[in-house]
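Thanks for making the time this morning. I would like to walk through a few side-chain pairings and their surroundings, and I will give each cut-off as we reach it.

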Amino acid sequence: MTPTRSLVAGALLACAMTQAAHADTYPSRPIRTLVAFPAGGSADIVARMVTQKVGEMSGYTFVVENRPGAGGNLAFDATASAPPDGYTVLFSTPGIAINPSLYRKVEYKLSDFKPIALVGEAPLMLMVRPDLPIHDIKELVAAGKEKPDAIRFASSGNGSSSHLAMEVLKSMAGLQYLHVPYKGGGAAMADMLGKRVDVTMLPISESMPYIRDNRLRALGQTGGKRSPIAPDVPTLAEEGVEGYSVTTWYMLLGPAKLPDSIVKTLAEKFDQALKSPDLQQKLRNAGVSIINEGPQPTQVFLDQQAASWAKAIAASGTHID
């Protein structure tokens with residue numbers, strides 16, 4: 001063997017030994033799990049629910065840290081630039097696939113992340129205040145056309161799945177409204193209940209308590225089929241918006257250079273937790289359909305989502321500086 005080949009072989013062996021040693025001791029301290037939205041929203045609730053179960057089954061400690069702002073970009077940037085040691089991960093919703101096309105400038109690329117696990121997905125609910133004479137999507141469209149900008153739409157923030165799902169619906173159904181972005185679904189919901197805004201579209205887990213007690217009226221759900229926890233609410237496709245299907249989803253990612261050994265370890269722990277009957281029941285009760293995919297299928301899903309959202313955003317003409 002030549003000296004050059006010996007050096008290369010030695011370097012590869014040293015790298016492999018380092019990764020193996022790291023995997024044997026990982027984790028030796030709490031794992032910071034970033035969520036791009038405030039506490040109390042669906043992303044925060046699902047992140048805490050899942051990481052708690054993973055921690056119970058593995059002995060690992062996860063600390064969920066809410067990092068809202070800039071449509072999720074603060075949390076995304078923090079993850080992309082974090083040391084790839086497995087102690088900073090991201091529990092993400094679709095914003096990570098949306099923002100590179102929505103914002104004219106972002107500091108990260110999708111290639112700055114390494115997918116670990118795809119947890120599941122959930123529909124959003126399109127809702128209006130019950131005092132409004134609007135009972136379905138056709139009446140909402142008619143109300144907007146009768147008085148442009150009179151319908152105030154509250155989203156959970158610029159670039160959120162709430163915002164973009166409504167933009168897609170706008171382009172497909174001919175909606176007209178004034179967009180009022182909030183810092184999270186909780187703030188949007190508070191102003192809906194306070195009658196300061198008229199319509200919102202939020203994840204089903206955040207929406208159902210207010211629909212059940214008639215404080216909000218559901219017009220439709222965004223998924224391709226009715227959620228088991230809202231069987232009486234039609235999909236928007238069933239209401240005539242043919243081909244409409246948008247969901248929010250929940251995914252675990254790390255920095256791009258995260259060692260494969262750590263990715264494998266975390267993916268296995270999440271897989272075990274997502275197969276536990278009690279966590280499955282909790283997620284179903286929250287309206288989440290479990291997907292439970294590992295790193296490679298999650299990467300494929302993320303790439304497909306990014307391409308799909310890029311087309312939708314281009315068609316809507318929506319951009320944020």
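Predicted model: local features only at pLDDT ≥ 70, side-chain atom pairs only at ≥ 80, totals over all residues.

Arg29 forms a salt bridge with Asp85, with the closest N and O atoms 3.4 Å apart, where a salt bridge is a side-chain nitrogen of Lys or Arg within 4 Å of a carboxyl oxygen of Asp or Glu. This pair links distant parts of the chain, since Arg29 sits in the loop between helix H1 (3-25) and strand S1 (31-35), while Asp85, 56 residues apart from it, sits in the loop between H3 and strand S3 (88-92). Helices (H or I, at least four residues) and strands (E, at least two) are DSSP runs, numbered from the N terminus. Arg29 is partly exposed, at 45% relative accessibility; buried means under 20% relative accessible area, exposed over 50%, and partly exposed in between, with a 1.4 Å probe and protein chains only.

Residues are numbered from 1 along each chain as its sequence is written, and side-chain values use heavy atoms, with hydrogens and water left out.

By the salt-bridge rule the count comes to 16. Side chains of opposite charge can pair when their charged atoms come close. Lys53 counts as buried, because its relative accessibility is 14%. Arg67 and Glu65 form another salt bridge, with the closest N and O atoms 2.8 Å apart; Arg67 is partly exposed at 26%, and Glu65 is partly exposed at 26%. There is also a network of salt bridges, which links Arg129, Asp131, Arg152 and Asp198.

Which residue does the side chain of Ser156 meet in a polar contact? The partner is the side chain of Ser160, at 3.1 Å, a polar contact being a pair of N or O atoms within 3.5 Å, where within protein one must be able to donate a hydrogen and the other to accept it, and residues adjacent in sequence count only if both atoms are side-chain atoms. Ser156 lies in the loop between strand S5 (152-155) and helix H6 (161-173), and Ser156 counts as buried because its relative accessible area is 11%.
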